[in-house]
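Let's take a look at how some side chains sit together in a protein model. Have the sequence and the 3D view open as you read.

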Amino acid sequence: QVQLVESGGGLVQAGGSLRLSCVASRSIFNFNAMGWYRQAPGKQRDLVATITSRGTTNYADSVQGRFTISRDNAKNTVYLQMNSLKPEDTAVYYCNAVRFGVGAFASWGQGTQVTVSS
């Protein structure tokens, strides 16, 4: 298992930007994938973006072109740069890490609140 700690959330006006960070308690080098998910009140948790160990990225249609996911293996950190934020981006954002095969796990952070005002 691995502990994940998110930070960088907050209150921002529509059109603004935020950068979320997710720091892992150990090396992320051999994690198969890491990602960001979000959950708005009364709704299910949805995928926002993922990045594999090879750097392949995937985005939800609703954030494509506005959000960028990246990883820094040396700092055990995954980032989510969020630009052109909209009120509908308001949610708790969760970091996720998965490893398949030997030593498989799936871990979640505690979440960080992002609120976008109109």
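## Rings and charges

Both phenylalanine 31 and phenylalanine 105 are buried. Keep in mind that this is a predicted model.

What else is there in the way of ring pairs? The structure has 2 aromatic pairs, and here they are:

| Pair | Centre to centre | Angle between planes | Type |
|---|---|---|---|
| Phenylalanine 31 and phenylalanine 105 | 5.2 Å | 80 degrees | edge-to-face |
| Tyrosine 37 and tryptophan 108 | 5.0 Å | 70 degrees | edge-to-face |

Phenylalanine 31 is found in the loop between strand 3 (18–24) and strand 4, while phenylalanine 105 belongs to strand 10 (residues 105–108), so their pairing ties together parts 74 residues apart in sequence. The other pair links distant parts of the chain too: tyrosine 37 is in strand 4 and tryptophan 108 in strand 10, 71 residues apart.

Is tyrosine 37 buried or exposed? With a relative accessible area of 18%, tyrosine 37 is buried. Tryptophan 108, at 40% relative accessibility, counts as partly exposed.

Now for the arginines. Arginine 45 lies over the face of tryptophan 108, 4.7 Å from the ring centre. The charged end of arginine 45 also sits over the ring of tyrosine 94, at 3.6 Å from its centre.

Arginine 38 has its place in strand 4 (residues 33–39). Its relative accessible area is 14%, so arginine 38 is buried, since the cut-off is under 20%. The arginine 38 side chain makes polar contacts with the side chains of aspartate 89 (2.9 Å) and tyrosine 93 (2.9 Å). Leaving aside neighbours within four places in sequence, arginine 38 is in contact with residues including Arg45, Ser62, Phe67 and Glu88.

Technical notes: Residues numbered from 1 in each chain as written. Heavy atoms only, no water. Helix = DSSP H or I, 4+ residues; strand = E, 2+ residues; numbered from the N terminus. Buried < 20%, exposed > 50% of the residue type's maximum accessible area, 1.4 Å probe, protein only. Polar contact = N/O pair within 3.5 Å; in protein donor to acceptor, adjacent residues only side chain to side chain. Contact = heavy atoms within 4.5 Å. Phe/Tyr/Trp six-rings, centres within 6.5 Å; stacked < 30°, edge-to-face > 60°. Lys NZ or Arg CZ within 6 Å of the ring centre and 35° of its normal.
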